[in-house]
Amino acid sequence: MPAGTDTINYRVVDENGRRWFAKVYRGDLERERAAIELAEFARQGEVPVPAVRRTLDGDLICARGPLSLWEFVDGETAEGGITGARWQSIGTVLGRLHRRLAEHPAATPTKQPAVGVRDVGKAAGSFDRVIDGYASRTRLSSFEQWAWEAAKERRGLLDRAGTILAELPDLTVQIVHGDLASPNLMLCGDDVAAVIDFQPPSPRFTAWEIARIGCDPRTVMLGDDWIDGLPELLLAYRDEHPAAHADDLVSSVAAGCAYTLASTYPLAEPLDDPAAVNPALELYARARHESALVMLERLPDVRERLRERLRPRP
């Protein structure tokens, strides 16, 4: 199946005609095992996560491959963007996910300064490296030329990203999915069919993860509908996760905007991992860059709208 970065994915049909989803690993198996365990933990909290088939020895990963085997879920990823009733459906599942993962024994939820969402000072060095790397090349492809210009533009916006984070209140840090972008959310019509591809348990800002899916570049680039849709997602999130703090919800766009502005991915891929560069990645790079600029431009209006819609209940 044409998906996966750290894995090679296959659709498998057994002798009884049942379909399975197989992931063949190329990386650290202990990290992969921890990620599967987190997925199982979420599934036990009624989050729609595919069931993993254990080996005859009871392991999560079969040494021959090495691979893991999962129930096959029909549906499509959210890469087409979030529209209509999907906002509420995704908000409900995301709220349930964060409510469940707040109980994970690896970390107790805490409040931390929002500047921890992204180390802007470190990001400056990363952008300088990318900019200098392109400048040192004698020839650039059209995408490399664009990535070079985009990196210079974003480098100039890092102070604004830092200011955005510095002005936010302390935000919640807890165990989260870790990679909840649209390719890892399976939809069947307007319903969420499955949450897939968890990362190993690691504490991160819930506001950042909300923005990962609620402000996914593929959705933002569809037009301004995300500005009205995001409050619907957050209201459904709060209904499912009443203990969620309003600051985390209202700050989600700001956290996502600052994080994306200060991220060199995938602008740096032609330098760091040329084999990963393909038309799909190039398209995503352009969408991610443009969506960061759109979020920055619309941030005051969107934050005010979120404050209005998410006022504490009487």
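What volume does the second largest cavity have? In this predicted model, the second largest cavity has a volume of about 40 Å³. Its lining is formed by Ile90, Val93, Leu94, Leu180, Leu185, Val192 and Ile213. By class, this lining comprises 7 nonpolar residues, with no polar and no charged residues. Helix H2 (residues 86–101) gives the most to the lining, with 3 residues.

The lining consists of 14 residues, and Ala211, Arg212, Cys215, Pro217 and Thr260 lie nearest the centre of the cavity. By class, 8 lining residues are nonpolar, 3 are polar and 3 are charged.

Helix H6 (residues 206–214) is mostly covered, with 8 of its 9 residues buried.

Phe41 is located in helix H1 (residues 29–44). This residue counts as buried because its relative accessible area is 15%, under the 20% cut-off. Phe41 touches Arg100, Leu101, Glu103, His104 and Pro105. Phe41 and His104 are 63 residues apart in sequence, and their C-alpha atoms are 7.9 Å apart in space.

Strands S1 (residues 7–13) and S2 (residues 19–25) run antiparallel and are joined by 7 bridges. Thr7 stands opposite Tyr25 in S2. The hairpin has 5 residues between the strands, and Gly17 takes a positive phi near 85 degrees.

Definitions and conventions. Residues are numbered from 1 along each chain as its sequence is written. This is a predicted model: local features need pLDDT of at least 70, side-chain atom pairs count only at pLDDT 80 or more; totals for chains, interfaces and linings use all residues. Side-chain values use heavy atoms; hydrogens and water are left out. Buried means under 20% relative accessible area, exposed over 50%, partly exposed in between (1.4 Å probe, protein chains only). Helices (H or I, at least four residues) and strands (E, at least two) are DSSP runs, numbered from the N terminus. Contact means heavy atoms within 4.5 Å. Two strands pair if DSSP finds at least two bridges between them. On a 1 Å grid over the protein atoms alone, a cavity is a set of points where a 1.4 Å probe fits but cannot get out, and a pocket is an open set with protein on both sides within 12 Å along at least five of seven lines; lining residues have an atom within 4 Å of a point. Ala, Val, Leu, Ile, Met, Phe, Trp, Tyr, Cys and Pro count as nonpolar, Asp, Glu, Lys and Arg as charged, and the others, Gly among them, as polar. Grid points are joined across faces, edges and corners, and a volume is the space filled by probe spheres set on the points. Lists of a residue's contacts leave out its neighbours within four places in sequence.
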